[in-house]
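Q: I have this model open and would like to go through parts of it. Can we take it piece by piece?

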Amino acid sequence: MLDVIALGEVLIDFTPAGKSETGEVRFEQNPGGAPANVLSLLAKLGKSTAFIGKVGDDQFGHYLHNTLRESGMNTKGLVFSKDTRTTLAFVHLDDQGDRSFSFYRSPGADMMLRENEVDFELISNARVFHFGSISMTHEPAASATLKAAAHAKEHGVLISYDPNLRENLWDDLTHAKERMEQGLFFADVVKISEEELEFISGTKDLEKGSSYLSDRFDIPLILVTLGSKGCFYRHGSETGCRSGYHVKAVDTTGAGDAFLGGMLYQILEKGVPLSGLDLEDMDQMVSFANAVGALVTTKKGAIPAMPTIEEVLVLEKNTKWLNKENVSQ
Ligand code: ATP
């Protein structure tokens, strides 16, 4: 049996990499796409993973295929399109280092995944199914994604979901909200940012927003990521907060995906249903996931920046030690 299967977009991020002699921005190609990032962390930590998605039958598509394979994923479910090209995204950094994206996806191969191209048997043979909302921006991938989630639900596979709001990928925000909510109805574990939580629940208040999500969509575990501040979580009626780790962040790409991968790793390691986890377990699991997210920010890119288990444990241990030192001073 497979540990985790993910379905969704995989694409090339062109990220700024310095300037040419004439002062023009240089871009370097990096593998991108949230579901593949989540799997790459899990594969690095030794879990068995498989990816379902679509790329163009072009140089970029084959580069992505090799990257996923070399990261340790099963790529049996990756489809090559003869008619559409691999999606490209250019990342722009403003003076404050904040990112914005230009997508070349009209349509991109990732949006063209069809239901009859999805390997449903792979999904029912996994312990966890992970997906996000970006594969639901357009048809036919939207229907294929929802069918895959429904199949996982029918077969009792634990469902992890990332309702990602990238505003310029949707035709309009009403459509975005509808689709993000459709995914939430399937989810057992949700990773959501503060902004996305406010977009769905209409409140900035983390207690109220997460309570709205938990009641309306019946979600057992909600993780609200807070950047360098760490994470707020809701497990049933219990809530908690774990602060982030102090690291020298150079690139936050993929931090949320790595964080979620860290959480899924912990869920698999515990081997108990979500209902069997207590607050102490939650604190320890979120602390681990925070460390994974923090470490990814210390290197450029997402997949190449995923940490090893040793690196995560060292950061956790050193931070505990530093905190103790501070208390005793
Ligand atoms: P995305 O990466 O898709 O924007 P996100 O908004 O969910 O996802 P963040 O909140 O930026 O992601 O980060 C996820 C987790 O990574 C945080 O909850 C935190 O644990 C860790 N993290 C992110 N940025 C930092 C940072 N600068 N320093 C320390 N930890 C960080």
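Q: Is Thr145 buried or exposed?
A: Thr145 is buried, because its relative accessibility is 0% and the cut-off for buried is under 20%. Keep in mind that this is a predicted model.

Q: Which element is Thr145 in?
A: Thr145 is part of helix 4.

Q: What does Thr145 touch, leaving out residues up to four places away in sequence?
A: Thr145 touches Leu7, Phe131, Gly132, Ser135 and Met136.

Q: And what lies 2.7 Å from a polar atom of the Thr145 side chain?
A: That is the backbone oxygen of Ala141.

Q: Which other residues of helix 4 are buried?
A: Besides Thr145, the buried residues are Ala141, Ala142, Ala144, Leu146, Ala148, Ala149, His151 and Ala152.

Q: Why might residues a few places apart end up on one side of a helix?
A: An α-helix has 3.6 residues a turn, so residues three or four places apart point the same way.

Q: How does the span of helix 4 work out?
A: Helix 4 has 14 residues, 141–154, and at 1.5 Å a residue these should span 20 Å. The C-alpha atoms at its ends are 20 Å apart, so the two values agree.

Q: Changing topic. What is the volume of the second largest pocket?
A: Its volume is about 430 Å³.

Q: How many residues line the second largest pocket, and which lie nearest its centre?
A: The lining has 17 residues, and Arg242, Tyr245, Thr319, Lys320 and Asn323 lie nearest the centre. By type, 10 are polar, four are charged and three are nonpolar.

Q: Which helix gives the most to that lining?
A: Helix 10 does, with eight residues. Helix 9 (279–296) and helix 10 (309–328) each supply at least two.

Q: What is Val292 in contact with, apart from neighbours within four places in sequence?
A: Val292 is in contact with Leu41, Ala258, Gly262, Pro307 and Val312. Pro307 is 15 residues from Val292 in sequence, and their C-alpha atoms are 6.7 Å apart in space.

Methods
Residues are numbered from 1 along each chain as its sequence is written. This is a predicted model: local features need pLDDT of at least 70, side-chain atom pairs count only at pLDDT 80 or more; totals for chains, interfaces and linings use all residues. Side-chain values use heavy atoms; hydrogens and water are left out. Helices (H or I, at least four residues) and strands (E, at least two) are DSSP runs, numbered from the N terminus. The expected span of a helix is 1.5 Å times one less than its number of residues. Buried means under 20% relative accessible area, exposed over 50%, partly exposed in between (1.4 Å probe, protein chains only). On a 1 Å grid over the protein atoms alone, a cavity is a set of points where a 1.4 Å probe fits but cannot get out, and a pocket is an open set with protein on both sides within 12 Å along at least five of seven lines; lining residues have an atom within 4 Å of a point. Grid points are joined across faces, edges and corners, and a volume is the space filled by probe spheres set on the points. Ala, Val, Leu, Ile, Met, Phe, Trp, Tyr, Cys and Pro count as nonpolar, Asp, Glu, Lys and Arg as charged, and the others, Gly among them, as polar. Contact means heavy atoms within 4.5 Å. A polar contact is a pair of N or O atoms within 3.5 Å; within protein, one must be able to donate a hydrogen and the other to accept it, and residues adjacent in sequence count only if both atoms are side-chain atoms.
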